[in-house]
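Here is a short briefing to read alongside the structure.

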2 protein chains.
Amino acid sequence: MRDERSYIAQGKVYLIGAGPGDPELITLKAVRSLSVADVVLVDDLVDRRLLVHTRPSARIVEVGKRGGCRINSRASTPQAFIEKLMVRLARRGSTVARLKGGDPFIFGRGGEEVEALRAAGVAFEIVSGITAGIAVPAVLGIPLTHRDAARGVTFVTGHTSDGGNPDWAALRASGTTLVIYMGVKRVATIVASMRDAGFPADTPACAVQNGTLETQADVVTTLAELPAAVAASRIGSPAILVVGEVVRHARTAARATGGTEAAA
Amino acid sequence: MRDERSYIAQGKVYLIGAGPGDPELITLKAVRSLSVADVVLVDDLVDRRLLVHTRPSARIVEVGKRGGCRINSRASTPQAFIEKLMVRLARRGSTVARLKGGDPFIFGRGGEEVEALRAAGVAFEIVSGITAGIAVPAVLGIPLTHRDAARGVTFVTGHTSDGGNPDWAALRASGTTLVIYMGVKRVATIVASMRDAGFPADTPACAVQNGTLETQADVVTTLAELPAAVAASRIGSPAILVVGEVVRHARTAARATGGTEAAA
């Protein structure tokens, strides 16, 4: 590591996936990468308990960015600022850990950060993390790709970058389980679009907030009932929605707190 | 843990995702779960270096099952046998770690194992892992859901349990990046089907064997050229295929051995 740094005469950026929430669902590689960082750039949604893996001397920089909202009375950090900061720190010789929720390349804008690092000629390494779309359904015992009930699994967001909707008709025809990130605030609109695209009203569906954490809240219902169920249980962001036959396997008794299902 | 075990008067099964290959890409929770197991049932594709996390006294049982092939001159282990063994061990009071490649619920038949455990009334816990379909593209620097180039990502297998093909036309219409597991042996057939469904010949595509390991082999090309490229580079199982515009971002210089990209 040191040899490489002196050779290229600059630092390095680790783009690290923090996992879905539960601080134990981070990888050994992420822990090692955090432990060598001089500076840690940490997203809002990342559990602060993970900072135990950093050096005492590491500088921690909060780079919150919840869709442009203000967090803790300060302005959210624009993406461009984060990218410039990473480049500047690496060029000064720092080892930088960019700690992002979930996986860096699943709806994390990690792709844009990598483009910025490549353009600047900064060495980097991707440290994959467990994305919420996989771990959160697992807490409920939902086998996303169960071969009797799904032809695979698709991860989408509630709306695309151009402001459009996912092609729900195509997704329905694909026969894959759908995991929808960042959709809970617009759940009524999303469900209406899905119903218009031919998804049956009784398609099993669930919404889970703070999945894998002690604060997890979830509802398991049908697609048609999902908006009312989300409202009634006051489920808000961050949350995922899961739609598909495999949701029939959900057992809300299986919780993140141990995750153990009681013997039936 | 002990209290719980004596209360329910039986053992427990941890269904553990071992991650995509690199032994460092396993979670802290998986390591902890392995460390308390009396018996470890381990799949063929799991790196044996991970067994360092087990107790010296733990019994290791190899339950190889590569699509019915014989491994090391012995018959592969039928799924039903694995399920019965887990139940029997747990009923005897053992803590069982079922260590599976990738994530237990992404094409791992974990769903079937959970059904068997639920039917038998055995306590269990899912410990999610990083699936190859996420970590392996990351090694090449491929941002699966880059919002300029994809509307999400879909994970499918090369063929479905009923012997049919994925609905390639629907998947194409979905605009999502496609990650195809267990498809490399049938890559010529798969590509022909995808071309028939309207995927352009020049769609960026790659194949990666042993992704995240020192032995990683990969080719980055176009959909039409993929079968020839796979044959020329002798890429075999286990491998994933990735098809979509985001593959343009692939840099084969980024390797699992450190995973570091040199400064451009």
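Predicted model: local features only at pLDDT ≥ 70, side-chain atom pairs only at ≥ 80, totals over all residues.

In chain B, helix α3(B) passes helix α4(B) in a right-handed crossing.

- Helix α3 of chain B covers residues 79-91 and helix α4 of chain B covers residues 110-120; they pack at an angle of about 40°, and their axes are 10 Å apart.
- The two helices, α3(B) and α4(B), are therefore oblique to each other.
- On the α3(B) side, the contact is made by B:Gln79, B:Glu83, B:Met86 and B:Val87.
- Facing them from α4(B) are B:Glu112, B:Glu113, B:Ala116, B:Leu117 and B:Ala120.

- Ten strands make up an open sheet with mixed pairing, in the order β9(A)-β8(A)-β10(A)-β7(A)-β6(A)-β6(B)-β7(B)-β10(B)-β8(B)-β9(B).
- The edges are held by β9 (217-222) of chain A and β9 (217-222) of chain B; each has a single partner strand, so one side of each is left without a neighbour in the sheet.
- From one strand to the next, the twist averages 15°.

**One strand pair up close**

- In chain A, strand β8 (residues 204-209) and strand β10 (residues 239-243) pair in the antiparallel sense over five bridges.
- Within this pair, A:Cys206 has A:Val242 of β10(A) as its bridge partner.

Key. Residues numbered from 1 in each chain as written. Chains lettered and ligands numbered in written order. Pairing = 2+ DSSP bridges. Helix = DSSP H or I, 4+ residues; strand = E, 2+ residues; numbered from the N terminus. Axes fitted to C-alpha atoms, helices over the stretch in contact; angles between N-to-C directions. Parallel < 35°, antiparallel > 145°, perpendicular 65-115°, else oblique. Left-handed = near helix turned anticlockwise from the far one by under 90°. Contact = placed C-beta atoms within 7 Å.
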